[in-house]
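Good morning, everyone, and thank you for coming.

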Amino acid sequence: MRNISNYIKATLFFNDITDPTVTVKREQCFTLQQFDYECSRMRNAMGMPYGPTQMTVLRFSIKSLPDGCQKEFYRRLSGYSTSSFSIVFNATFKTGENLECVLGDYDSAMVVTGFVIDIDESFDTANTPAASLPNGGGQQEADLMTTRIGVLLHSIAYIGNNNYKKTLYINY
């Protein structure tokens with residue numbers, strides 16, 4: 001077995017990576033271009049926080065080829081139940097006996113559950129480099145698509161070193 005690190009800072013997976021029944025493969029992930037969220041609570045006159053965490057929306061951007069890989073986002077957009085996403089920081093993949101690259105290790109992660117509420121797609125051909133075709137077929141422009149997804153959060157589980165896990169439940 002050998003480890004492969006592609007030096008990607010943040011990676012998105014469709015499933016909960018802490019679930020032992022789920023095999024996390026490299027080809028099932030997306031590189032996050034950007035993500036943001038803000039958790040807040042009410043404050044009294046003295047500035048002391050009280051009450052539950054208020055409604056929070058996680059927004060993230062991915063860049064991909066327009067080959068239908070966003071079907072899963074649209075399936076979750078039309079669903080009526082919460083979905084799980086895992087954001088993994090500094091992932092290392094290992095090659096198994098089937099020559100599949102599976103998640104081997106990571107520095108930290110976030111497992112978020114919530115409802116997909118917004119999808120925005122935009123195509124960007126002006127700033128995409130030309131991709132080399134296999135078998136010396138020359139160069140072809142790669143039409144990349146940027147997709148921005150909004151998730152109304154139900155919970156955020158922070159996973160750190162030594163299997164440390166802290167979960168924040170959000171009142172929406």
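Helices (H or I, at least four residues) and strands (E, at least two) are DSSP runs, numbered from the N terminus. This is a predicted model, in which local features need pLDDT of at least 70, side-chain atom pairs count only at pLDDT 80 or more, and totals for chains, interfaces and linings use all residues. Residues are numbered from 1 along each chain as its sequence is written, and side-chain values use heavy atoms, with hydrogens and water left out.

As for pLDDT, the predictor's confidence in each residue from 0 to 100, the chain has a mean of 80, and 79% of its residues reach 70 or more.

Let me begin with the salt bridges, each a side-chain nitrogen of Lys or Arg within 4 Å of a carboxyl oxygen of Asp or Glu; the count comes to four. In helix α1, Arg-76 and Glu-72 sit four residues apart, about one turn of the helix, and their side chains form a salt bridge at 2.8 Å, N to O.

Another bridge joins Arg-148 to Asp-36 at 3.1 Å, N to O. Arg-148 belongs to strand β13 and Asp-36 to strand β3, so this pair ties together parts that are 112 residues apart in sequence.
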